[in-house]
Amino acid sequence: MTTNTQFGRQWAPEVPRGQIEWLVARLHVSTPDRTIEANMRRRCRKLAATPEVIQEIVDFAILAHAANRDLFAHVMGGR
């Protein structure tokens, strides 16, 4: 059984966390959060999702991006 908890938060089952992580992992760590948000909102136009789920998708993407940024900083010895 999988859990919908990640980054210390419970996510709606409609949030495709694996796909979002895959997409975000392919972006440079210096990509601004506003670009991540715009990218996710553009992709969500194709979904029949509620505004609440779309916001969760955006929030998850930004948190995944922050985790990637933190990992990069750790690996490079910055933190």
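How many positive and negative side chains does the chain have, and how far apart do the centres of the two sets lie? Working from a predicted model, I found 11 positive and 8 negative side chains, with 8 Å between the centres of the two sets.

**Fold and extent.** I looked up the secondary structure next and noted two strands and three helices, which follow one another along the sequence in the pattern β-β-α-α-α. I then took the span of the C-alpha trace along its principal axes, which is about 40 × 30 × 15 Å.

**Burial, surface and contacts.** The chain has 79 residues, and I noted that 28% of them are buried. For the accessible surface I wrote down about 5500 Å², with 57% of that area belonging to carbon and sulfur atoms. When I turned to contacts between residues at least 6 apart in sequence, I found that 62% of them join residues at least 24 apart.

**Glu-56.** Is Glu-56 buried or exposed, and which side chain of opposite charge is nearest? I found Glu-56 to be buried and without a salt bridge, the nearest side chain of opposite charge being that of Arg-9, 4.7 Å away. A salt bridge would need a side-chain nitrogen of Lys or Arg within 4 Å of a carboxyl oxygen. Setting aside neighbours within four places in sequence, I listed the contacts of Glu-56 as Arg-9, Gln-10, Trp-11, Ala-12 and Val-15, so Arg-9 is a contact within the 4.5 Å heavy-atom limit although Glu-56 has no salt bridge.

Definitions and conventions. Residues numbered from 1 in each chain as written. Predicted model: local features only at pLDDT ≥ 70, side-chain atom pairs only at ≥ 80, totals over all residues. Heavy atoms only, no water. Helix = DSSP H or I, 4+ residues; strand = E, 2+ residues; numbered from the N terminus. Buried < 20%, exposed > 50% of the residue type's maximum accessible area, 1.4 Å probe, protein only. Areas by Shrake-Rupley, 256 points an atom, 1.4 Å probe, with all protein chains shown as cover. Lys, Arg positive; Asp, Glu negative; His and termini not counted. Charge placed at Lys NZ, Arg CZ, Asp CG, Glu CD.
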